[in-house]
Structure formats: structure tokens, C-alpha cells
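Q: I have a structure open and would like to talk it through. Could we go over some of its features together?
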Amino acid sequence: MNDSVARTGSLGLKLPIHAATAWLLGTYGAFLLIGQSSLVRDMWALSIFVLAAAGALWLGYWLSARRYRHEPVSPPEGPERLRSVIRLTRASAIYLGIYGLSMLVAYGAAGAGDIIKAVLNPGNAYLSKFDVYQQQQAESSNSVIQILTLASVLYVPVGPLAVIYWKRLYIAVRVLVLLGVGAYAAYYLFIGTTKGLGDLAVFALVGLMVRAVRPIQGGRQRTRRMLLPLLAVGLAFGGYMTYSQADRITSVGGLTGKFAPNPAVETVLGTDLARGLAVVGFYPTHGYLGLSYNLDTTFEWSEMRGGSRAIDSYFAQYGFGDSMADTTYPARTEVRTGWPQGMYWATAYPWLASDLTFPGVVALMFVLGWWWCRLWVEAVYRRSTLALLLFAQLTLFIAYIPANNQIGISRPATIGFVTTIVLYAVSRYTSRVHQRRAAEGGPS
């Protein structure tokens, strides 16, 4: 094995789990230091579960990684592979553009002036979206948005693929990517929500990780050149989120008193922005308080529909059974303690535990870690696009664990995830069939 392959196998193989462990333990540590940890009734139970879940993810990944320590690196992509990547990136960019423009129209944006106004007043934009959403629900939405929801798997590829292959994309494709991402981002800015922007940031981060470890010519140099613009984007995202949250809590009556700004920060930035930073710090930490309340709630099985509100809504809509929403841990914990499941988070764990129990969630995290490592190997070393897309979506799930089950909370996310799994499974099956036929000497 040459030096570059050995270095890639030892360092790059562990990059995702190092990042995930730092994120999960870091957010919990922040909760203990600056969060509302004093309100937790049983700190031992909460800490044991959080550490067990993060530890199970790490252990599953580590055991899986032992199988791939000497993973051979596939040769560089040929012209046909690049053409396939370009086609998928282009399709994803077009999808984001159509989705963003369709949603802007659905939510009442009449032009660029309305978007700029919403950006400058994100609190009012956030409140206004609920009136439109309720109207859409009453009108059963529209066919264009329904079709876009069914094709939601296309919102994933542009993030990682554009970052990995940016220098190899045609200028026209790059422009298309910027336009598509811009329209998609404009929609979320118009409704005063940063969720979609966060998704794109996670997918772009996956692309950066691949770029950082994949043994391609000039890859390390290009990665260093990408760090500065990505850092700028990250700072811009964090700055806008701070401003957005500050404006939101000012617009929503009764919230300003719940977020006391840090006195030192208030002196430098002023009361509003300092309070916005307090809310930003509250975002990735307060779910652990909700989790502690859920750990005190008794188990009631949700018939494998509690972990995904999207799947549960489809079951109820098409007559496959009554909704199980009221049986989930978060719903019953709200009745018992008043912790509002629709306003505050409780991490992803109680949603999954509604189907699997909390010990079952720990076991699931182990399996997830095992599978996550395998997808990373296939994406980086075997250059599988489907593995990359599935890895990106699982990374999104892990990134949102301190908040909620992001993969199961909305129909587009759930449909995109399920579609990718099906495509990946079919691809694996056909590949094995071809390999078996080739080994038997028959036509592939």
C-alpha cells in the first residue's frame, strides 16, 4: 500500500465519527454549562442515556471501521462518471430552483422587494408563514408542491456533489447551482426560517469532508482554498441566525423575558443582538431538558409510527390507521409536564423511543454507527454516489439529534431518505448479481 492510501485509510476513515462525537458531547456539555440543567430532575439518568447513545454510535462505527483499515482506493473517475455527476448535480440544482420559486409563490412573495423586506424583518416573516400554511392545509396545497414533495430526493445531491466536483463542473452548471441554491435559500429567508439553510450547510460539509480525505490530485490544496469561503458562509449563517432569532423573540410577545442576554455581550453588541445570541445558544442545548422530561415518562408503543410524523400523517390521510401522534413520548410528556412538543425540542431520541424504547434507541445508534462507517467507505474510497447521498442524509440526522428527528419530521425529508435507501438497495443487489455472473463466466 502506498503512503497516500495508508494515510487516507488511517485518518480519513475516522473523520466523521470524530466530528459526530465532538458535536453530540459538545452540545450536551454546553447544556450542562450554560443550559437549563438546574431544571433536570434526574441528572444521572439523563447523562447515562446521552453518553450511552453517543457511545453506541462511536462503538458501532469503530467496529465497522476495523474491517476497512486497508480499504483499496478506486481509480479516479473517468469521463462517463463525471458526466453522470454533472447530470445529477444539474438536476438537483434545477429542482432546488423550482422548489424555491414555487414555495415563494405559494407563500405570497410578489418579487425581490418582498424577500428583502422579509430578510430585514425575519420575526414578522416567521409569524406570517403560519397563516399561509393553515390556508394551504385547508386547500390541500397544490399539485406542483405535491409533485415536488414526491421528488424530494433531488434536494440532496447538489450540496455534496457541487463541493466535491466544483472545479470540474462546466461554468453553466456552476451558474445553475448558484441560481438553484439562491432560489431555495430565498424561500427560507422569506419565511424567516433557517432550517433549509442548515440542511444545505450540512450537505456542503459532507462534500468538504470527502474533499479533505479523498485521494485526488490537488485535493488537499483545493480543500485549503475552500476553507476561507466556507468559513465566511458559516459566519454569515451564524450572524443571520443570531439576528433572526433576536427579531423573532421581539416580534413574539412574552418571549423577551425568557432569554436574558449575557451582560458582557450586551455591552458590546447591544441588548437585541445579545439576546439573539442567547437564543442561538439555547437552540442546540434545550432539547436535553426536554429529553430529561421524556425519560421520566412511561413507555407506550406507537406501532412503529411515533418516530416519524411524516409516515404517521400518511397513514392517517390514506386510511391505513388512526394517527399515533398522541401516543408518542413528546405528546404524552407535554400532557404530563407542559413541555410543548410543537415549540420546544426534546432531541431525536424520544421520537425514536416511542417505537423502540430508550434501550432500543441505544441499540439503533450502534447499528447506525456501523452503517454510517460503511457508507463513508463506499462514498470516499469506492466512489459510490448513492452511498454519498445516503451518508449525507444520515449525517443530517446526526447533526439534528440535539433537536429532533429531522429525517422523520417532514414529508420531503422522509420521502427523500426512503427513496435513497431503495435506490441504494437496488444498486447493491444488481451489483452483486453482475459480480456473481461474472464469476460464473456468464454475461453480466
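Q: At what angle do helix H9 and helix H10 pack, and how far apart are their axes?
A: This is a predicted model, in which local features need pLDDT of at least 70 and side-chain atom pairs count only at pLDDT 80 or more, while totals for chains, interfaces and linings use all residues. Residues are numbered from 1 along each chain as its sequence is written, and side-chain values use heavy atoms, with hydrogens and water left out. Helix H9 (residues 171-190) and helix H10 (residues 195-213) pack at an angle of about 145 degrees, and their axes are 8 Å apart. Axes are lines fitted to C-alpha atoms, for helices over the stretch in contact, and angles run from 0 to 180 degrees between N-to-C directions. Helices are DSSP runs (H or I, at least four residues), numbered from the N terminus.

Q: Which residues meet there?
A: From H9 come Val181, Tyr184, Ala185, Tyr188 and Leu189, and from H10 come Gly196, Leu197 and Leu200. Contact means heavy atoms within 4.5 Å. The residues of this contact divide into seven nonpolar, one polar and no charged. Here Ala, Val, Leu, Ile, Met, Phe, Trp, Tyr, Cys and Pro count as nonpolar, Asp, Glu, Lys and Arg as charged, and the others, Gly among them, as polar.

Q: How far is Ile115 from Tyr188, in sequence and in space?
A: Ile115 and Tyr188 are 73 residues apart in sequence and 9.7 Å apart in space, C-alpha to C-alpha. Ile115 lies in helix H5 (residues 112-120).

Q: Is Ile115 buried or exposed, then?
A: Ile115 counts as buried because its relative accessibility is 18%. Buried means under 20% relative accessible area, exposed over 50%, and partly exposed in between (1.4 Å probe, protein chains only). Not counting residues up to four places away in sequence, Ile115 touches Leu104, Ala186 and Phe190.

Q: New topic: how many salt bridges are there?
A: The count comes to nine. A salt bridge is a side-chain nitrogen of Lys or Arg within 4 Å of a carboxyl oxygen of Asp or Glu.

Q: What does Lys195 pair with?
A: The side chain of Lys195 meets that of Asp199 in a salt bridge, at 2.5 Å from N to O. Both residues lie in helix H10, four residues apart, about one turn of the helix. Lys195 is partly exposed, with a relative accessible area of 24%, whereas Asp199 counts as buried at 0% relative accessibility.

Q: And which residue does Arg83 bridge to?
A: Arg83 forms a salt bridge with Glu80, and the closest N and O atoms are 2.8 Å apart. The two are separated by about one helical turn because they are three residues apart in helix H4 (residues 79-106).

Q: Which residues are linked in a network of salt bridges?
A: The network links Arg374, Glu378, Arg382 and Arg428.

Q: What is the phi of Met304 near?
A: Phi of Met304 is near 65 degrees, a positive value in a residue other than glycine. Most residues other than glycine have a negative phi. Met304 is found in the loop between helix H14 (287-295) and H15.

Q: Where is Arg383, and is it buried or exposed?
A: Arg383 is found in the loop between helix H18 (358-380) and helix H19 (385-399). Arg383 is buried, with a relative accessible area of 7%. Its phi is also positive, at about 60 degrees, although Arg383 is not a glycine.
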